[in-house]
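Have a look at the picture before reading on.

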Amino acid sequence: MQIRNIMDLFVVIDKLYHYLAGTDICFDKDGFPIFRQEMFLDEWPELIIPFSQRKNRRVTNKKKTVLCFFDKDHHLYPRLRKVMDEIEEYKQFMGVVGIDVTVTDDMDQEWQRAILLLNQLFLAVLAVNGVKIILNTRTGGQSASDVFRNMPAGTMAASGFLGCNNLAAEDDFTYLEKILVLLPEKLIIYGKHDSVAEHQLDAMGINYRVYKDFHRLCKEVHHG
């Protein structure tokens, strides 16, 4: 099926639920999956690359490469539809960052929760099949303590800074507050530097690394 509207996404949610019902994953009272510590990757990757570029010549060692989905929604929808069919491909890589279907703070609250549920169900399908996962920190306008309530502390997480405005002021703690809810053992920042955010993370002792996004990486290599 093609994903063209909201109802199509609900069909995908039902399909993922049906699949996970036959696994050892548990759900909370609101239907969100409960993740376990051993499901998460715990080592730094050498390379982070979008799923669409997984066959790029720069991927020389899949076991040191993490796949991500910091991309436009229309590129992500096929992955939602085909996740069960593509499990063996994901298993070839070191790990996978949670899918990043768009959720923003100006969306209806119930719609935000549906998208966040969709993103977490996708991640759960990977996890129950032995693919090492990395939590995507995107929350939209939802409370981080609510969105991440089923995530164990001390795991690896990733934030996509592509297309995001840098924090404008030192006293803007919106990003830091979200990270402090998670208290990740390792934090990946994908895309670009944000000096204010990084200064705040440094002050709190958060262990993070910044990875260039694929396009910047290609440009850097091209100009040598």
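Start with the surface. Keep in mind that this is a predicted model. The accessible surface of the protein chain is about 11,200 Å², and carbon and sulfur atoms own 50% of that.

Now step back and take in the whole fold. You'll find eight helices and nine strands in the protein chain. Its radius of gyration is 17 Å, close to the 17 Å that the globule rule gives for 224 residues, so the chain is as compact as a globular protein of that length. If you boxed up the C-alpha atoms along the principal axes, you'd need roughly 45 × 40 × 35 Å.

What about the inside? Buried residues account for 52% of the 224 in the chain. As for who meets whom, take the contacts with a separation of 6 or more: 69% of them join residues 24 or more positions apart.

Is Leu-126 buried or exposed? Its relative accessible area is 0%, and buried means under 20%, so Leu-126 counts as buried. Leaving aside residues up to four places away in sequence, Leu-126 touches Val-83, Ile-87, Tyr-90, Val-96, Val-131 and Ile-133. Met-39 is 87 residues away from Leu-126 along the chain, yet their C-alpha atoms are separated by 9.1 Å.

Note on methods. Residues numbered from 1 in each chain as written. Predicted model: local features only at pLDDT ≥ 70, side-chain atom pairs only at ≥ 80, totals over all residues. Heavy atoms only, no water. Helix = DSSP H or I, 4+ residues; strand = E, 2+ residues; numbered from the N terminus. Rg over C-alpha atoms; globule rule 2.2 N^0.38 Å. Buried < 20%, exposed > 50% of the residue type's maximum accessible area, 1.4 Å probe, protein only. Contact = heavy atoms within 4.5 Å. Areas by Shrake-Rupley, 256 points an atom, 1.4 Å probe, with all protein chains shown as cover.
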